[in-house]
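My notes follow in the order in which I looked things up.

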Amino acid sequence: MAFPQLVAVALTLAPSVASQAAPSPDAYTDHAGMRMRLDALAAANAERARSFELGQSRGGRAIAALEFGAAGDLPLAERPAVWLVGGLDGVSLAGAEAVLDVAADLLGRPDELPAHVAFVAVPWAAPDGLARRLAGTCLDGRNELPIDDDGDGRADEDGPDDLDGDGLVLEMLLEDPDGAWVLDADGRFVVPAARGDAPRYRRVPEGADDDGDGLFNEDRAGGVRLDRNFPVGWLGAAVGDAGVLPLSEPESRSLADAVLARRTAVVLLFQGNHGALATPGGVPELLTLPFDRDRAGFALAGRLFAAATGRAPREPVTIAAASGERRPGAAVDWMYAAAGALALEVAPWGTCVGAGSEDQPSGSVDAEPREAGGAGSAAWARWLDDRRGGMGFVAWHPIDLGQNRTGLVGGWEPFTCTNPPVELLPEALRGLPEFTLALARELPRLEVEVVVSERIDELVRLRARVVNRGGLRTGGLVPADGRPHGVELELRLPAGAELLAGEPTARLGHLAAGSASVELEWLCVAPRDATFRLVARDDWTVAVTRELRP
Amino acid sequence: MSGRLAGLVLGVGLGLPGAVAAQDEAPAPDPPAEVAPVDEGPMAAELRRLAGAHADVARLEQIGVSAQGRPLLVLAIGAVPQGDARPEAELGLRPGLLVADAYGCEDALGAESALRFARHVLEGRARDAQLARLLSTTAIFVAPDLDPDRRAAALGGQDAPRQVAFDANFPSGWLPPTVVAGSGPYPLSMPETRAIAEFLVAHPSIALVHTLTDAEDVRFEDRDELAAALDAQALARPRPAGGTLAAFCALELRRFVSERGFAYAPDGEVSSEPAADLARGYVALALGLPGLEIGTPSAERLGDGLVRVDVPLSNRGRYATAPPGPGGGGPRPELGVLLDVSGLDLVGAAIRREGDEVYRVVRAERGRVRVGSLDGGETAWLRLVVAGAEGERLYLLASAPRAGRAAAQLGLP
């Protein structure tokens, strides 16, 4: 609830031109438009695509999805799957656009789609948060689960307001000797306070004390941030926006269940404003990710990303390093460590987008805040000044909060830092379809090599191994208890044959790109001219069969 | 458990993976109170016998069904007034103890001790006034077989390795199966773990959870030390291993927790402690449960219309009314004691804790005073200023999620 009377007495010193320069959000696809685009893609590619719903959000919005792949006999549901998940953080509208763009682009070149791979696109994985972000009514990506954040028996009664009447809900600084933040030297960006710094501030969204409890915006609308609601490092219900339990939300649960239900090989989460490709590793003090066995695969992904997008080649860093903050409960960690997928966060937007190569730092990614204004905002300051002429940031200006209190209102405008201005959106999306396609082509490809195939009368001796001809290792989990896992090789005997020695089916572990398994050997008796079949399969490949007639 | 968690559960349900139908689907009907499966085994049969033999104070609840269809049973024990239409509601307002087997293996000692505990309180209440009082002031829940499939397989001599282990499948500190064997694809992915989690969330009054696990044993030379040791362990707020039921209870649900894991060595040899000793230890735990008591209020008229009321408020238990966080973290405010004042307008309130020399003003909103947590055995004195005429009555109700309720009233002078 806004307080118009406060606006009338606000000591507004901010330049108003900034808000006038804000790009219209209309160019971003809204929820209805997204569904129409998915349905249109499915209709135009009926042989290769199908639209469906994963479920519904807390707010009743459909979680729309599109599965597609090269035409072929193998049903999409049975193929190794590459998931394209947009905006699960509830704020990355550019991530949602990226998924739509990748799906449309790949369906536009069906002959280039890798055979036997299914793509599953979920452009709006957090429909409530994205819808409210687009409308400017809620900026932190929560879904619409009502939560009594301040424990006063009421839910969502003290949310943000446009106090200064500029049409924007931005950020507010409240002076507090115990505050953790100060303004930096140029007076725009908020940085962590050091010993002796003053004045200090607490950061809250712009808004009045709607419920009169002396606190500001402490009980905002909603909800749960879905990218904090996954199990790895989940913070607990006391945090509020992490959910009452891991996967407690219909959005996160339906996505997790769907990923587990398929042969999921790759999950690409399109979100963030670090502009890079980031690996699992949101809570390094709890769990060191990624595992060493996957470093080569992630490095390959990094090279493909750089080549496709033109962004500076970098060794991928963890999501915590890329985003400059811990990421407890992040989906990418669970998708990788529990669901067994090669999971990556792809940030369409960042200061590196559209910059010349000389402006792109090499080496590690800049630690940028997800909501700029915190530590590490130097790159965004340069971006603002050098490439936007300072437009896009509302200078901090005082506002009367009543009861002899004042605050400072200001901060980044919408469609600047978290999502790109609409005219830069094409640049932010550039190369992402090519990257997705290139990565899918690197999925493992199995080949059965017969080393020995000999017969002495009815006695047959076979020896074979499996080779991975793909660019990524073979897939699936490596369980901690050491149970057999990885590629499976099965000997199928012809009619009338008997196995004398050797295991009919064996697990061979994971095969790195280009590597071969140990050799397996069998002794059989079989009629002459009988045909043996060796079948190799893996979580990330379709089964391959090698026939031989020793 | 936080008040927020409780509120959400009331409002929207747990929303556990696979547990709750999609929003637009009708909710699944509650499981029947009792289901008799074909192969429920001797443990369930003994629980049924106890519930039948002591129907005046014991009821058997089925909280779910195992993956293989066996019932998940909890024996609820507590004396409620004759004619109480909803005994479960009455028990839900009392501080509670849950003794739960999280091990579920061929080692029957834990489960046996839980059963003996149930028998001890049920059969001993007629001759032991302390037990009788315990049953009238607390709620005791015994769940000796939360993983009946594993127990059945073990007792049947079957080698039935399972990919998910009960006591690695809880949320707090959960790690994926690539790191911790048997943790499952996500926390509470098993129907067994989900069932006890839902039960605990639905029973915020359970203050103390004793889990029977394979936690490392600790030696005790004297078996008489056992009960005191269990008690001390609960008070120490241990930090259980991640992914366990104990961790979920301690870290997320904020209950006091103790774990079995004691072996005394009277002859110098470490041995498994007899179930009867453990059962006596559980009684000691139950006797220490927090419980609110309001003393006799006194009133003195201050002038026209205003009356000062002083009233002592105590925690009769050994455990605090709100468990502190593991490692010394403070208790959550929503778990603290509330004093609701009705019948008259509350004008002001102050509190004097043990060690305070003066009363300190506290905030009173809409007739409610937030007292905070009371340590074990602590008494706080509340000073209320109310507006009322002579003869009007003042009603006081103290409550805390883990410590039950206490009421008092008086007529104004």
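Handedness first: I call a crossing left-handed if the near helix is turned anticlockwise from the far one by less than a right angle, and right-handed if clockwise. By that rule H3(A) passes H4(A) in a left-handed crossing.

Ground rules. This is a predicted model, in which local features need pLDDT of at least 70 and side-chain atom pairs count only at pLDDT 80 or more, while totals for chains, interfaces and linings use all residues. Residues are numbered from 1 along each chain as its sequence is written, chains are lettered from A and ligands numbered from 1 in the order in which they are written, and side-chain values use heavy atoms, with hydrogens and water left out.

Confidence. I read pLDDT as the predictor's confidence in each residue, from 0 to 100. Chain A averages 88, and 91% of its residues score at least 70. Residues 1-25 of chain A fall below 50, and this stretch has 44 contacts in the model beyond near neighbours in sequence; I count a contact where heavy atoms are within 4.5 Å. Residues 361-376 of chain A also stay under 50, with 59 contacts beyond four places in sequence. Chain B averages 81, with 78% of the residues at 70 or above. Its residues 1-38 are below 50 and have 81 contacts beyond near neighbours in sequence. Residues 264-272 of chain B are below 50 too, with 19 such contacts. For the complex, the predictor gives an ipTM of 0.82 and a pTM of 0.85.

Helix pairs. Helices (H or I, at least four residues) and strands (E, at least two) are DSSP runs, numbered from the N terminus. Axes are lines fitted to C-alpha atoms, for helices over the stretch in contact, and angles run from 0 to 180 degrees between N-to-C directions. Angles under 35 degrees count as roughly parallel, over 145 as roughly antiparallel, 65 to 115 as roughly perpendicular and the rest as oblique.

I took H3 (31-44) and H4 (93-107) of chain A first: their axes come within 11 Å and cross at roughly 15°. The two helices are therefore roughly parallel to each other. On the H3(A) side I found A:Met34, A:Arg37, A:Leu38 and A:Leu41, and the H4(A) residues they meet include A:Leu100 and A:Leu107. The contact has seven nonpolar, no polar and three charged residues (Ala, Val, Leu, Ile, Met, Phe, Trp, Tyr, Cys and Pro count as nonpolar, Asp, Glu, Lys and Arg as charged, and the others, Gly among them, as polar).

How do H4(A) and helix H12 of chain A cross? The axes of H4(A) and H12 (432-441) come within 9 Å, at roughly 65°, and the pair is therefore roughly perpendicular. This crossing is right-handed.

Sheet. Strands pair if DSSP finds at least two bridges between them. Four strands of chain A form an open antiparallel sheet in the order S19-S17-S21-S22. Its edges are S19 (505-507) and S22 (541-548). Five bridges join S17 (488-492) to S21 (532-538), and A:Leu491 has A:Leu534 as its bridge partner in S21(A).

Backbone. I noted a cis peptide bond between A:Ala198 and A:Pro199, omega about -5°. A:Asp529, which is not glycine, has a positive phi near 70°, and sits in the loop between S20 (520-525) and S21 of chain A.
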